[in-house]
Amino acid sequence: MRSFAFHRPSTLYEMSALLGGVADSMPLAGGMTLLPTIKQRLAAPAALIDLSKIPQMSGISFKDDVLTIGAMTRHVDVAESELVRGKIPLLASLAAGIGDPAVRNRGTIGGSVANNDPSADYPAAVLALDAIVVTDRREIAADAFFRGLFETALEPGEIITALRFPVPSAGGYAKFKSPASRYAVVGVCAAKKAGKVRVAVTGAGPGVFRVGAMEAALEGSFTPGAVAAIKVSSENLSSDIHADAEYRAHLVTVMAKKAIAAALQTL
Ligand SMILES: Cc1cc2nc3c(=O)[nH]c(=O)nc-3n(C[C@H](O)[C@H](O)[C@H](O)COP(=O)(O)OP(=O)(O)OC[C@H]3O[C@@H](n4cnc5c(N)ncnc54)[C@H](O)[C@@H]3O)c2cc1C
């Protein structure tokens, strides 16, 4: 591994100054993706800015029907939070299904959303729950945040500080996981709020996406049967050693039915 400088700011102000002032610096959350990337020489930052000691970036709170999760909150903390389990149970079970205990004990919700891996679980929940991505500069709606393969609306040096999730009346997540990494081969999140339904798919293509036909059908009847005959086109889906595009298209319908069945349990 190449050598690099290491900074551990304790305020957002100090963090922003470092990210803006130190050339080739990168923020470090749990390091679950960033450190292997550096080891493989796919990234070579001159400095890492550790986000772990900034108090405003951790913790979970609830106010005005919105669950706010600090960006540095680890997957294990989301999975075990009574507040999350009570308000948005799909988020707790999603977090409990990420990777293995080592990954859940280091990986963070902010790192996952910022990284926007096409097979990551959280992007589906952020999009289906119509969450707000809060940064050190602004608030970004989920629909405007994800821009495709590892691409987001974040500008250079911009940091996610928290995720704000409006509490749905019902919501569920189901994934067909890789048996090795537990990443989603296909994962579907469905959420209903005020008569509107949002369905978001991860793992299937180069980035998370919504399925309008399923959303319209579910607004008529929020049941697994409503989507049973809806199949997404395989045209823009991914093919790799885990599954080809046609199989992934099939899995979207299967996982959508499971997600809605899970959502009905929360009603
Ligand atoms: C073996 C293994 C299995 C995994 N399985 C799954 C799985 O089943 N499902 C799943 O969803 N994920 C999975 N992951 C990913 C994991 O959940 C982590 O969330 C992900 O790797 C990001 O890690 P991190 O939070 O430690 O961020 P880091 O690795 O520290 O950072 C990731 C990237 O985001 C940037 N960054 C970090 N925090 C912020 C922030 N607040 N604002 C802006 N930029 C930021 C960093 O600069 C870096 O570019 C797996 C990872 C591993 C290693």
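Student: How far apart are the centres of domain 1 and domain 2?
Tutor: This is a predicted model, in which local features need pLDDT of at least 70, side-chain atom pairs count only at pLDDT 80 or more, and totals for chains, interfaces and linings use all residues. Residues are numbered from 1 along each chain as its sequence is written, and side-chain values use heavy atoms, without hydrogens and water. An automatic or database assignment gives domain 1 (1–50) and domain 2 (170–265). Taken over C-alpha atoms, their centres are separated by 35 Å.

Student: How many residues surround the ligand?
Tutor: Domain 1 and domain 2 each provide at least three residues of the shell. Among the closest are Pro27, Asp121 and Arg182. Counting residues with a heavy atom within 4 Å, the total is 32.

Student: Which helix gives the largest share of the shell?
Tutor: Strand 2 (25–28) and helix 7 (109–115) each supply at least two shell residues; these are DSSP runs numbered from the N terminus (helices: H or I, at least four residues; strands: E, at least two). The largest share, four residues, belongs to helix 7.

Student: What percentage of the ligand's exposed area does the protein bury?
Tutor: An oxygen atom of the ligand lies 2.8 Å from a backbone N or O atom of Ala29, and a nitrogen atom of the ligand lies 3.0 Å from a polar side-chain atom of Tyr183. Alone, the ligand exposes 970 Å² (Shrake-Rupley method, 1.4 Å probe). Of that area, the protein buries 89%.

How values were computed
A polar contact is a pair of N or O atoms within 3.5 Å; within protein, one must be able to donate a hydrogen and the other to accept it, and residues adjacent in sequence count only if both atoms are side-chain atoms.
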